[in-house]
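Good morning, and thank you for making time for this presentation. I would ask you to keep the sequence and the model in view while I speak.

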Amino acid sequence: VESIVIKDLKNKKYKNDPSVVEEFLVWRNIYNRSAYSYYDLILVKKLSINAYEVSYNMLSDKEVSFYLDDFTKKQTAFSKSGGVFKIQKKKNKTKLELNYISETDHWLLTSSMAEGTIMEKVANGTKLAIEAVKKGSEN
């Protein structure tokens, strides 16, 4: 997976929302027997002095065109993909909550044959996210 952060946007939908600290896109380019790509909208919100929410949602080509003039058209087996990380610093610990959603009607990805692989990849991605938060909170 190749991910490119894009902060130079022609428009920002949430520029007047005081809780939104950052709004940017990430272009995801996935190589897995074929090439797939899409854009995620990333929103970083400050919920309180010690709590943040980071959300990411896959955008349609129409939604991407609001942010960028020149972009790669969406090509993916998923109709929806996204999630929300909520991070709250407490006295001696950090609380992390993760919600993830994806939807597809692709025949292979909905087959029982692929179920174990998909669950393994979701679990591995979650583990990597938790390790990154842990490492970041130690610094």
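**Core, strands and rings**

Setting aside neighbours within four places in sequence, Leu-25 is in contact with Ile-4, Val-5, Ile-6, Leu-9, Tyr-39, Asp-40, Leu-41, Leu-59, Tyr-67 and Leu-68. Please bear in mind that the model is a predicted one.

Which residues touch the most other members of the largest nonpolar core? They are Ile-6, Leu-25, Tyr-39, Tyr-67 and Leu-68, in a core of 13 residues. Two or more residues of this core come from each of β2 (20–31), β3 and α1 (61–67). There is also a second, separate core, which has six residues, among them Phe-24, Ile-42, Val-44 and Tyr-56. As a general remark, nonpolar side chains in soluble globular proteins tend to be buried together.

I turn now to the strand pairing. Strand β3, residues 35–48, and strand β4, residues 51–58, are antiparallel and share eight bridges. The link from β3 to β4 is a hairpin of two residues. Within this pairing, Leu-43 has Ser-55 of β4 as its bridge partner. On to the next pairing: β4 and strand β5, residues 78–89, run antiparallel and are joined by seven bridges. Here Glu-53 has Lys-86 in β5 as its bridge partner.

Finally, the aromatic rings. How many aromatic pairs are there? The count comes to three, and I shall describe two of them.

One is formed by Tyr-39 and Phe-71, with an edge-to-face arrangement, 6.2 Å centre to centre and 85° between the planes. Tyr-39 belongs to strand β3 and Phe-71 to the loop between α1 and β5, so this pair ties together parts that lie 32 residues apart in sequence. Both Tyr-39 and Phe-71 are buried.

Another is formed by Phe-66 and Tyr-67. Why is this pair called edge-to-face? The ring centres of Phe-66 and Tyr-67 are 5.1 Å apart and the planes stand at 90°, so the pair is edge-to-face, the angle being over the cut-off of 60 degrees.

Are these two residues buried or partly exposed? Phe-66 is partly exposed, its relative accessible area being 35%, whereas Tyr-67 counts as buried because its relative accessibility is 3%, under the cut-off of 20%.

Thank you; I would welcome your questions.

Definitions and conventions:
Residues are numbered from 1 along each chain as its sequence is written. This is a predicted model: local features need pLDDT of at least 70, side-chain atom pairs count only at pLDDT 80 or more; totals for chains, interfaces and linings use all residues. Side-chain values use heavy atoms; hydrogens and water are left out. Two strands pair if DSSP finds at least two bridges between them. Helices (H or I, at least four residues) and strands (E, at least two) are DSSP runs, numbered from the N terminus. A nonpolar core is a set of buried Ala, Val, Leu, Ile, Met, Phe, Trp, Tyr and Cys residues joined through side-chain atoms within 4.5 Å. Buried means under 20% relative accessible area, exposed over 50%, partly exposed in between (1.4 Å probe, protein chains only). Contact means heavy atoms within 4.5 Å. Rings of Phe, Tyr and Trp (its six-membered ring) pair if their centres lie within 6.5 Å; planes under 30 degrees apart count as stacked, over 60 as edge-to-face and the rest as tilted.
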